[in-house]
Amino acid sequence: MAEYRKGSHTVYNIEYHMVWVTKYRYQVLRGEVALRTRELIRQSCLSRDITIIRGSVGKDHVHLLISCPPSLSPSKIIQYLKGRSSRLLQQEFEHLRKKYWGQHLWARGYFCATVGAITEDIVKEYVENQQTDGPEEAFKVDD
């Protein structure tokens, strides 16, 4: 059964599967950069009342299965997550500033699907099996 969340005047269960990639598909999300990306996304989601159900940081992309309030549109969520993480990652890692001199870490587009057309279990399995080995975590980083 779905786990319903509550707002001041709402009860909801809105879940999105979101994927976005680095510009030019450069594989820069490794080591400290990947860990910091995960931490920035967690912080951003927490501040906007977005719950991360599952997530994965690959070498050149990020997968998220999230639950969010009805007041947030998918485009605003992506805009906030990509914008904040790009800005802070480039401030903290000089090699990213040099590689992405135009200040755009992420590619323009993104993928977003609501959970419902396929089951939540299929999405979880897909995110968890993103070519990773090691302990199962709710939000893992590929090396």
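Helices are DSSP runs (H or I) of at least four residues and strands are DSSP runs (E) of at least two, both numbered from the N terminus. The tour below uses these element numbers, and the structure on display is a predicted model.

**Whole chain**

Begin with the entire protein chain, coloured by secondary structure. The chain comprises 4 helices and 7 strands, and along the sequence these elements follow the pattern β-β-β-α-β-β-α-α-β-α-β. Orient the view along the principal axes: the C-alpha atoms fill a box of roughly 45 × 35 × 20 Å. The radius of gyration is 15 Å, which agrees with the value near 15 Å that a compact globule of 143 residues would have. Colouring by accessibility, one finds 43% of the 143 residues counted as buried. Among contacts in the chain with a separation of 6 or more, 72% are accounted for by residues 24 or more positions apart.

In what order do the strands of the open sheet lie? The order is 6-3-5-4-7, for a sheet of 5 strands with mixed pairing. From one strand to the next, the twist averages 15 degrees.

Then show residues 120–128, which form helix 4. Helix 4 lies across strand 3, strand 4, strand 5 and strand 7, and runs at about 35 degrees to strand 4.

**The loop between strand 3 and helix 1**

Move to the loop between strand 3 (15–21) and helix 1 (31–47). Select Thr22, which is placed in this loop between strand 3 and helix 1. Is Thr22 buried or exposed? Thr22 counts as buried because its relative accessibility is 0%, and the cut-off for buried is under 20%. Leaving aside residues up to four places away in sequence, Thr22 touches Val28, Leu29, Asp60, Tyr100, Leu105, Trp106 and Ala107. Draw a distance from Thr22 to Gly109 as well: the two residues are 87 residues apart in sequence and 9.9 Å apart in space, C-alpha to C-alpha.

Continue to Tyr24, also located in the loop between strand 3 and helix 1. Its phi is near 60 degrees, a positive value in a residue other than glycine. Arg25 is likewise found in that loop, and phi of Arg25 is near 55 degrees, again positive in a residue other than glycine. Tyr24 counts as exposed at 57% relative accessibility, whereas Arg25 is partly exposed, with a relative accessible area of 46%.

**The aromatic cluster**

Display the side chains of Tyr24, Tyr26 and Tyr100, which ring pairs link into a cluster. A pair of aromatic rings is described by the distance of the centres and the angle of the planes. The model contains 3 aromatic pairs by the rule used here. One of them is Tyr24 with Tyr26, a tilted pair at 5.3 Å centre to centre with 50 degrees between the planes. Tyr26 and Tyr100 form another tilted pair, at 5.8 Å centre to centre and also with 50 degrees between the planes.

Which parts of the chain does the pair of Tyr26 and Tyr100 tie together? Tyr26 lies in the loop between strand 3 and helix 1, and Tyr100 in the loop between helix 3 (94–99) and strand 6 (111–114), so the pair ties together parts that are 74 residues apart in sequence. Tyr26 is partly exposed at 33% relative accessibility, while Tyr100 is buried, with a relative accessible area of 2%.

**Charges over rings**

Finally, select Arg48 and Tyr80. The charged end of Arg48 sits over the ring of Tyr80, 3.7 Å from the centre of that ring.

Methods:
Residues numbered from 1 in each chain as written. Predicted model: local features only at pLDDT ≥ 70, side-chain atom pairs only at ≥ 80, totals over all residues. Heavy atoms only, no water. Phe/Tyr/Trp six-rings, centres within 6.5 Å; stacked < 30°, edge-to-face > 60°. Buried < 20%, exposed > 50% of the residue type's maximum accessible area, 1.4 Å probe, protein only. Lys NZ or Arg CZ within 6 Å of the ring centre and 35° of its normal. Pairing = 2+ DSSP bridges. Axes fitted to C-alpha atoms, helices over the stretch in contact; angles between N-to-C directions. Contact = heavy atoms within 4.5 Å. Rg over C-alpha atoms; globule rule 2.2 N^0.38 Å.
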